[in-house]
Amino acid sequence: MKKIISSAPGKAILFGEHAVVYGYPAIAIALSIRSKCIIEENTERNIQIFLENYNQRIKAPDFYRLEKKIPSKFNQLVTGLKLLQQKYDLNYSSLSFCFNTQLFPSSGLGSSASIAVAFIYGLNEYFGLGLSKDEINNLAYEMERIIHGTPSGIDNTICTFGNLIYYKGGEFQFIEVDTELPLLIIYSNIEHDTKEAINRIRRFKNTEPERANSYLKSIGKITNKAKNHLQQGNLDEIGDLMNKNQANLSSLHVSNQTISEITNFCLENGAKGSKLTGAGLGGCVISLGDLKILKNISQQLEANGFKSFLANIDKQGVRIE
Ligand code: PMV
């Protein structure tokens with residue numbers, strides 16, 4: 001029986017979150033931590049969706065009833081199936097779709113985009129549709145819109161193509177990085193709140209425009225410098241810029257005590273740089289450093305109740321396993 005396993009990397013914003021909302025650049029990295037989609041036939045002659053991370057299994061006799069039954073937070077998946085069905089007249093009966101991710105969900109690591117990309121890629125392979133990566137990316141963006149409204153498209157693009165992206169004003173540019181970029185991704189144990197974090201900065205800009213704008217502008221400059229240092233593989237300078245970026249995010253009130261405690265702990269224990277990634281107010285912290293040092297930090301954080309994982313640049317993007 002036919003079985004396809006596809007996977008796509010996660011993402012982290014290395015530089016420029018929030019400032020990107022106001023036209024400054026941002027840099028995102030594909031993480032070597034993946035989400036997986038397994039597509040295979042089942043003998044029950046129904047459609048099955050199994051979400052391993054949520055331990056949730058949804059079975060329906062046909063696509064119409066699947067749509068009715070699926071919890072709204074997983075609507076994205078039905079959209080993906082629908083988009084392809086409309087275009088190619090596919091038949092999903094007797095198919096099982098299993099999803100799992102190693103990424104912390106709802107933490108700014110692009111888990112939904114990474115699942116969407118892996119899903120479309122898996123369907124493309126299973127049905128032999130011959131879609132290009134650009135087409136996969138566009139379809140995954142449509143799936144992302146179901147969850148995020150009008151997302152920037154950073155997440156699905158980085159999950160599809162891998163590597164690093166410099167993003168400004170709707171334009172993407174890949175950054176060539178030859179060195180390793182050892183990162184530790186630490187979950188703050190607090191779900192991130194993108195909407196609230198964005199609103200917080202908007203309010204700050206309304207009440208104290210000069211101060212808020214100076215922090216945002218400073219982040220823009222940091223991101224541009226970081227782009228050059230990434231191309232040259234200067235890890236010390238990249239770490240230093242991460243710390244400066246974090247200081248500005250903190251001044252913009254999107255950091256919090258837990259995030260500061262984690263970044264300080266990482267720096268005190270030898271990391272080169274440490275900052276929140278994504279919206280802030282929770283979510284994840286990323287720290288850059290020598291692998292051995294990061295491993296040690298990870299163990300100590302684990303003992304203090306913080307889960308983390310080591311990651312590097314994923315250069316491949318979505319793939320069949
Ligand atoms: O944590 P995330 O992945 O939701 O990142 C949000 C990044 C922002 O810059 C705050 C918003 C955006 O759309 O770029």
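**Ligand site and hairpin**

An N or O atom in the side chain of His 192 lies 3.0 Å from an oxygen atom of the ligand. This is a predicted model, in which local features need pLDDT of at least 70 and side-chain atom pairs count only at pLDDT 80 or more, while totals for chains, interfaces and linings use all residues. Residues are numbered from 1 along each chain as its sequence is written, and side-chain values use heavy atoms, with hydrogens and water left out.

**Contacts and burial**
- A backbone N or O atom of His 18 is 2.9 Å from an oxygen atom of the ligand, and a polar backbone atom of Ala 279 is 2.8 Å from an oxygen atom of the ligand.
- Taken alone, the ligand exposes 380 Å², of which the protein buries 83% (areas by the Shrake-Rupley method with a 1.4 Å probe).

**Surroundings**
- The shell around the ligand (residues with a heavy atom within 4 Å of it) includes Lys 11, Glu 17, Val 20, Gly 108 and Thr 194.
- The residues of this shell divide into 5 nonpolar, 5 polar and 2 charged, with Gly counted as polar.

**Hairpin**
- Strands E6 (residues 164-168) and E7 (residues 171-175) pair in the antiparallel sense over 5 bridges, where pairing requires that DSSP finds at least two bridges and a strand is a DSSP run of E with at least two residues.
- Ile 165 has Phe 174 in E7 as its bridge partner.
- E6 and E7 form a hairpin with 2 residues between them, and Gly 169 in the turn has a positive phi of about 50°.

Notes. Helix = DSSP H or I, 4+ residues; strand = E, 2+ residues; numbered from the N terminus. Polar contact = N/O pair within 3.5 Å; in protein donor to acceptor, adjacent residues only side chain to side chain.
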